[in-house]
Amino acid sequence: MANTITLEGELRTEFGKGVARRMRVAKQIPATIYAGGNEPVFVKLPMRESTLALRRANALFTIKYGKESKMAVVKEVQRNPVKRIVEHIDFYEVKTGEKIEVEVPVFAVGTPKGAAVAFVDVQMLRVKADVANLPERIDVNVEGMADGDKIFAKDVQLPAGVELVEADMEDSLVSVVVPEDATAPSEAVSADAAPAEGGDAAAASDAKEK
């Protein structure tokens, strides 16, 4: 479920690429907090803490700036295409008890039978949940499943208070199959191969003695 993370920043009143560049040199990240129809709030946040916090999917943030604070979730993250450092963060303000829609990654957990392997057919699911209980991931248990088994959207076990949005209940989320290369017979060694190898070894030995 969502982890509440507190970030302490400052209001920012200067804008532009040059200003943003100076902020990043000072180990700060420019960010914007959107709040529905209200005016957005512009802040600068500590780079290290913010970057680490972004590793947590669907985390709930408390962003402090001066004497004010807002509760928010990440809306969008802009990264440098080459260095991959975070250049800007867009947040969306939320209220206690509010339900919002988020995308959650799907993972297969457990071990299928024999040589079978689990494949995730749907990488992300859109769900609706309370902001205080946003799931970070959805685990689908494939323990003991056999070749040809599937788990459909209608079968997935969601955390309490979480519901699927815009999902076809008959969609396959995870399929269990035995890969073709796992069922292919291994190459048999011909009956006359061993003598040939022995003959080569003997020839090599004779050549060495000479």
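**Exercise 1.** In this predicted model, the second largest pocket has a volume of about 190 Å³. Find which element gives the largest share of its lining, and sort the lining by class.

*Solution.* Start with the residues themselves: the lining includes Arg12, Phe15, Val19, Met23, Gln78 and His88. Next, look for elements that contribute two or more residues; these are α1 (17-25) and β6 (86-93). Of these, α1 supplies the largest share, with four residues. Finally, sorting by class gives five nonpolar, three polar and four charged residues.

**Exercise 2.** Now turn to the largest pocket and work out why it lies between domain 1 and domain 2.

*Solution.* Begin with the volume, which is about 520 Å³. Of the 23 lining residues, Asn58, Val74, Lys75, Glu76 and Glu103 are the closest to the centre. Two or more residues come from each of β5 (68-79), β7 (99-109) and β9 (124-130), and β5 gives the most, with six. Split by class, the lining holds 14 nonpolar residues, one polar and eight charged. Now for the placement: domain 1 (4-94) and domain 2 (100-177) both contribute to the lining, so the largest pocket lies between them.

Notes:
Residues are numbered from 1 along each chain as its sequence is written. This is a predicted model: local features need pLDDT of at least 70, side-chain atom pairs count only at pLDDT 80 or more; totals for chains, interfaces and linings use all residues. Side-chain values use heavy atoms; hydrogens and water are left out. On a 1 Å grid over the protein atoms alone, a cavity is a set of points where a 1.4 Å probe fits but cannot get out, and a pocket is an open set with protein on both sides within 12 Å along at least five of seven lines; lining residues have an atom within 4 Å of a point. Grid points are joined across faces, edges and corners, and a volume is the space filled by probe spheres set on the points. Ala, Val, Leu, Ile, Met, Phe, Trp, Tyr, Cys and Pro count as nonpolar, Asp, Glu, Lys and Arg as charged, and the others, Gly among them, as polar. Domain bounds come from an automatic or database domain assignment.
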